[in-house]
Amino acid sequence: MVKNLVGKGPLGPPLIISNRNAQGAFDLQAILDPRKEKTVVAPTMADAVKAADIVFTCLGDDDAMRQVAQEVSDVFNLNGKLFVDCSTVHPDTTHHLADVFTKAGAEFVACPVFGAPAMADAGQLICVLAGPEDSIRKVRPYCKGVMGKANIEFSGQSCSKATLLKIIGNTFILNMIEALAEGHTIAEKSGLGNENLHQFIEIMFPGPYTAYSGRMISGDYHRREEPLFAVDLARKDAKHAQRLAEASRMNLKDVEVADGHLSHVQEHMGKKGDIAGVYGAVRMESGLTFEN
């Protein structure tokens, strides 16, 4: 997302980059802006917030985002600032963030995104915006055409509606991967063959289905050093979905099955585990090796 904010965003002053790991911010600047013409690095989040009018945040889990919100709101008067959170967090956390930031004088918009890292690099994300209309209007110029290819807007609705959609939407992705993993496993064991099934998927389900199918049969799910969608984050999202289901007095059986397979991916691959590794877990469950 930062790449496209730097390259296509309606920036005036340079974009301020901050990371909880300070070196990570300098490394990103070296890749995106080696001449340091369009970006500056802030040593801390507090430094970044102090100098910015619009602050985009994207952190890995709820606790981290809550901590950052509390830290900056305790230090600064946030009048005139707009916070845009792109993290995938529980709707309750989004509600908490909105409360913390607005009580400190700031505006707040939730803007989680759908899309794999390659889509983020290409500016092809789907941005989900929720919050006050006046605040969303200020964020739009940075979404469709910059970070993303399309917006889904819940203007004038609770900010938590955006992360509610994000969590429910991610169950579709998890269910898709579970279906592909089981499909490819039975295709191999029944004698149909993975390539033959992949042809069907390419024609019937182009897009994400085909991309994940390709990752499975190529062995990408167990060969890469860095996961595209880390298993730890996938399980966090699955737990959020199960909490939502419990509060709604229902069960998400598909998510429960997939989360069980994700736990096996964690055991087998640790931090390198990727959501597509569900294929390896289903293979093992079916008497095959994890790696194809």
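Trainee: Is F290 buried or exposed?
Mentor: In this predicted model, F290 counts as buried, because its relative accessibility is 2%.

Trainee: And how many aromatic pairs does the structure hold?
Mentor: The structure holds seven aromatic pairs. One of them joins the rings of F83 and F101, whose centres are 4.0 Å apart and whose planes are at 15 degrees, so this pair is stacked.

Trainee: Which parts does that pair tie together?
Mentor: F83 belongs to strand 4 and F101 to helix 5 (residues 91-103), so the pair links parts that are 18 residues apart in sequence.

Trainee: What is the relative accessibility of F83? And of F101?
Mentor: F83 has 1% and therefore counts as buried. F101 is buried too, with a relative accessible area of 1%.

Trainee: What about Y221 and F290, how are their rings arranged?
Mentor: Y221 and F290 form a tilted aromatic pair, 5.9 Å centre to centre, with 55 degrees between the planes. Y221 lies in helix 11 (residues 220-223), while F290 is in the segment after helix 14 (278-285), so their pair ties together parts 69 residues apart in sequence. Y221 is buried, with a relative accessible area of 0%.

Trainee: Back to F83 and F101: which residue forms one aromatic cluster with them?
Mentor: That residue is F108; F83, F101 and F108 form one aromatic cluster.

Trainee: Changing topic, which residues form the nonpolar patch on the surface?
Mentor: The patch is formed by F200, I203, M204, F205 and Y209, which together have about 510 Å² of accessible area. Its largest share, three residues, comes from helix 9 (residues 194-204).

Trainee: Where is F200, then? And why does F200 count as partly exposed?
Mentor: F200 is found in helix 9. F200 counts as partly exposed because its relative accessibility is 40%, between the limits of 20% and 50%.

Trainee: Next, E178. Where does it lie, and what does it touch?
Mentor: E178 lies in helix 8 (residues 160-190). Not counting residues up to four places away in sequence, E178 touches V257, A258, H261, V278 and V282.

Trainee: Last one: is G80 buried or exposed?
Mentor: G80 is exposed, with a relative accessible area of 62%. G80 lies in the loop between helix 4 (62-75) and strand 4 (82-85).

Trainee: What does G80 touch there?
Mentor: G80 touches D53 and G105, not counting residues up to four places away in sequence.

Methods
Residues are numbered from 1 along each chain as its sequence is written. This is a predicted model: local features need pLDDT of at least 70, side-chain atom pairs count only at pLDDT 80 or more; totals for chains, interfaces and linings use all residues. Side-chain values use heavy atoms; hydrogens and water are left out. Helices (H or I, at least four residues) and strands (E, at least two) are DSSP runs, numbered from the N terminus. Contact means heavy atoms within 4.5 Å. Buried means under 20% relative accessible area, exposed over 50%, partly exposed in between (1.4 Å probe, protein chains only). Patches are made of residues with over 30% relative accessible area and no salt bridge: like charges are joined within 9 Å, nonpolar side chains (Val, Leu, Ile, Met, Phe, Trp, Tyr) within 5 Å. Accessible areas come from the Shrake-Rupley method with a 1.4 Å probe; for residues, only the protein chains shown count as cover. A salt bridge is a side-chain nitrogen of Lys or Arg within 4 Å of a carboxyl oxygen of Asp or Glu. Rings of Phe, Tyr and Trp (its six-membered ring) pair if their centres lie within 6.5 Å; planes under 30 degrees apart count as stacked, over 60 as edge-to-face and the rest as tilted.
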